[in-house]
Amino acid sequence: MESLYTLFKVQLPKYLRSLPLPKNFAGFANTKSEEWFALVPFFLTVTFILYAMIHTICSRRRRRAVPKPKVNLSLMKEDPKVVTQMDIEDLGDKIAFCRCWRSKKFPLCDGSHNQHNEETKDNVGPLLLRRGEEK
């Protein structure tokens, strides 16, 4: 901490006082070449700091929204919406519907979610429907 204190409280003010800055803009016209060379590091540092600040502020405003990933990667992409109808009578006693959108027998489950879960560490599984016992 002592070195930071010395840098900001002693060295930096001493350096800034030693810069040959004119009192107004017209004074730059009378500045000698060796004085200009002494000002170059100062102006480069100030320019870099301003650029970094402006770039950071502007890039936060310009951030594009990241598109959400699609669920359906390949099934019936030509249709505006994937809709499958089945009659309840055709379901039988038990049926498994795909919820991972990877099944080759879509809308029925073929177990493709197992590979999907291994690759993505997801936990998706089928929708299982079974006919209840009559009372």
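How far apart do the end C-alpha atoms of residues 36–54 lie, and what share of the span is helix and what share strand? The end C-alpha atoms of this span lie 26 Å apart, and the span is 100% helix and 0% strand. Helices (H or I, at least four residues) and strands (E, at least two) are DSSP runs, numbered from the N terminus. An unreviewed UniProt entry lists residues 36–54 as "transmembrane region". UniProt positions follow the numbering used here, feature names are shortened, and annotations may be inferred rather than shown by experiment.

The model is predicted: local features need pLDDT of at least 70, side-chain atom pairs count only at pLDDT 80 or more, and totals for chains, interfaces and linings use all residues. Residues are numbered from 1 along each chain as its sequence is written, and side-chain values use heavy atoms, with hydrogens and water left out.

## Overall architecture

The protein contains 3 helices and 2 strands, which follow the pattern α-α-β-α-β along the sequence. Its radius of gyration is 35 Å, well over the 14 Å that the globule rule gives for 135 residues, so the protein is more spread out than a compact globule. The radius is taken over C-alpha atoms, and the globule rule is 2.2 Å times the number of residues to the power 0.38. Along its principal axes, the C-alpha trace spans about 100 × 40 × 25 Å.

Of the 135 residues, 16% count as buried; buried means under 20% relative accessible area, exposed over 50%, and partly exposed in between (1.4 Å probe, protein chains only). The accessible surface comes to about 12,400 Å², of which 59% belongs to carbon and sulfur atoms. These areas come from the Shrake-Rupley method with a 1.4 Å probe, and for residues only the protein chains shown count as cover. Among contacts with a separation of 6 or more, residues 24 or more positions apart account for 39%, where contact means heavy atoms within 4.5 Å.

## Aromatic cluster

A search of the whole structure finds 5 aromatic pairs. Ring pairs link Phe25, Phe28, Trp36, Phe42 and Phe43 into a cluster. Rings of Phe, Tyr and Trp (its six-membered ring) pair if their centres lie within 6.5 Å; planes under 30 degrees apart count as stacked, over 60 as edge-to-face and the rest as tilted.

His116 is found in helix α3 (residues 112–120) and counts as buried, at 12% relative accessibility. Apart from neighbours within four places in sequence, His116 is in contact with Arg102, Lys121, Asp122 and Val124.

Side chains of opposite charge can pair when their charged atoms come close. The structure holds 1 salt bridge, defined as a side-chain nitrogen of Lys or Arg within 4 Å of a carboxyl oxygen of Asp or Glu. It joins the side chains of Asp93 and Arg131 (4.0 Å, N to O). Asp93 lies in the loop between α2 (33–61) and β1 (94–97) and Arg131 in the segment after β2 (127–130), so the pair ties together parts that are 38 residues apart in sequence. Gly92 is also placed in the loop between α2 and β1.

## Backbone geometry and accessibility

Most residues other than glycine have a negative phi, and most peptide bonds are trans. Met76, in the loop between α2 and β1, has a positive phi of about 45° although it is not a glycine. Lys121, in the loop between α3 and β2, has a positive phi near 60°. A cis peptide bond with omega of about 15° joins Phe106 and Pro107, and Pro107 is found in the loop between β1 and α3.

Relative accessible areas for selected residues are tabulated below.

| Residue | Relative accessible area | Class |
|---|---|---|
| Met76 | 29% | partly exposed |
| Gly92 | 33% | partly exposed |
| Asp93 | 60% | exposed |
| Lys121 | 72% | exposed |
| Arg131 | 44% | partly exposed |
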